[in-house]
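My notes are below the display.

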Amino acid sequence: MFRRILIANRGEIALRIIRACRELFVETVCVFSEEDRGAPWLEQADRALCIGAPAPRDSYLKSDRIIAAAEVSGADAIHPGYGFLAENAAFAEKCRACGLAFIGPSAEAMRLLGDKASARALARKLKVPTVPGSDGLLEDDEQTLALAERIGFPIIIKATAGGGGRGMRIVRERDELSGAIKQARQEAQTAFNNADVYLEKYIDRPRHVEVQVIGDEAGTIVHLGERDCTLQRRHQKLVEESPSPAIDARVRRDLCASAVRLCKGAQYYNAGTVEFLVDPKGRYYFIEANTRIQVEHPVTEMVTGLDLIKAQIKVAAGEPLPFSQKTVEFRGAAIECRINAEDPDHKFRPCPGQVTKFRPPGGPGVRVDSYGHDGCRVSPRYDSLLAKLIVFQPTRPEAIRSMLRCLNEFVIEPIKTTLPFLRRMIAHPDFAAGKIDTAFVERTFDRMTKSDE
Ligand code: ADP
């Protein structure tokens, strides 16, 4: 086992990793930017090193400084969390070249599955259903138009390097196609330094269902069931739950088998997620894979009783998976809400600032993953995720009731958060009935919220 792990991240996920390390008797080193000096999670680390200025490119994305910090502090492994360098294959390679274990998949598997177009090609080869669309990247506008007409509008243009809902454009009519390609390319170039795009049919009223997988370096891969992340706003997840209320046992079995097949085909190890869209008829389509731990991993931890971060660390240390497909059991229902420092009344604009009052809920089956406390500060520089509220109950209706109770109990003042918005969504009869799709929020709530335009 490792002696000391450097955590190349911040906020709630840094704290989550520290907690797992503590229980494994592994020491922790946090790196932080000048903006995060004195941040609450740093107090929990055994050591904290400042690595640069507030802008991520000057600190949390500075791979050389992070590796130097690991060397200086005598760490033997790096956990990247999610975001920042978590899906950067060159970083994983660099860590390993410097004799540091990277807690994640191999750089090759990361490249293969992290690039959406190549992951799609692999999925097709392995007979994992993909959304109808281009064979590879888009080149010629004429050919693209012909393909779009064959598939039928609406279609979606996606950046192969895309993430976080960026680099995507929905195209409803042929006249909009070439403009949309240009826009998607531009956005992708700016955000990901890669202008490559491909095309997919736009699936009408889908649900987003993803499968958690984890494998060890000896080649064992298991799935840990699915998470339903259909409740999104602008293609960004807000609420996640497991099991999915919208799939039957057959679809679940096929989805999970497809996810394992894809990961085996990529010789994948460590934690990963295979994402699918499921249409109203129960047909499912692979959309992308995430080669890291995800924000919503606690939902899976609750229904399986497993600790995914500890499992990640163990397999990165060369140990076999601490469980097998046969011993994994699923029980109950878990729901997670993302509580962001954003103002739902003003188009979810970020609302950073000082928190004077932070009163998380409690009670049976309640988990709060957060760095929040009275007096903490939400920085305008980074992601606005302040807390993840997770509830676990024997059944979904009970989980919904518990979530509503917890959302009402949660107090965060004086900054604006997504709490009131989440209360309305979780209380909505269509959510309870499992009758939503990925456009539910836009349809139902965006017109109810005030606009500042
Ligand atoms: P990102 O990597 O930016 O998160 P994804 O490929 O995971 O992008 O897609 C994010 C979300 O966008 C999905 O959960 C879904 O809501 C929507 N989406 C993506 N592809 C399609 C599609 N072909 N049809 C309909 N919706 C889609």
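These entries take the ligand site, then a pocket, then some backbone details.

Entry 1, the model. I note at the outset that this is a predicted model.

I asked how many residues surround the ligand, and which are closest. I found 22 residues around the ligand, and Gly 165, Ile 203, His 208, Gln 232 and Glu 288 are the closest. Sorted by class, the shell has seven nonpolar, eight polar and seven charged residues. I also looked up the domains: domain 2 (132-201) and domain 3 (207-448) each supply at least three residues to the shell around the ligand.

I went through the backbone atoms next. For Gly 164, I found a backbone N or O atom 3.2 Å from an oxygen atom of the ligand. For Lys 201, a backbone N or O atom lies 2.9 Å from a nitrogen atom of the ligand. For Ile 203, a polar backbone atom is 2.8 Å from a nitrogen atom of the ligand. I then looked at cover: on its own the ligand has 550 Å² of accessible area, and the protein covers 96% of that. Which elements give two or more residues to the shell around the ligand? I list β6 (155-163), β7 (166-171), β8 (197-201), β14 (270-278) and β15 (284-290). With four residues, β6 gives the most to this shell.

By class, I record five nonpolar, three polar and eight charged residues in the lining of the second largest pocket.

I noted a cis peptide bond between Phe 153 and Pro 154, with omega about 0 degrees. Pro 154 sits in the loop between α6 (141-151) and β6, the strand that gives the most to the shell around the ligand. I noted another cis peptide bond between Glu 413 and Pro 414, again with omega about 0 degrees. The loop that holds Pro 414 runs between β24 (411-413) and α12 (419-426).

I looked up Lys 127, a residue other than glycine, and found its phi to be positive, near 60 degrees. Lys 127 is placed in the loop between α5 (116-125) and α6.

How values were computed:
Residues numbered from 1 in each chain as written. Predicted model: local features only at pLDDT ≥ 70, side-chain atom pairs only at ≥ 80, totals over all residues. Heavy atoms only, no water. Near = heavy atom within 4 Å. Polar contact = N/O pair within 3.5 Å; in protein donor to acceptor, adjacent residues only side chain to side chain. Areas by Shrake-Rupley, 256 points an atom, 1.4 Å probe, with all protein chains shown as cover. Nonpolar A, V, L, I, M, F, W, Y, C, P; charged D, E, K, R; others polar. Domains from an automatic or database assignment.
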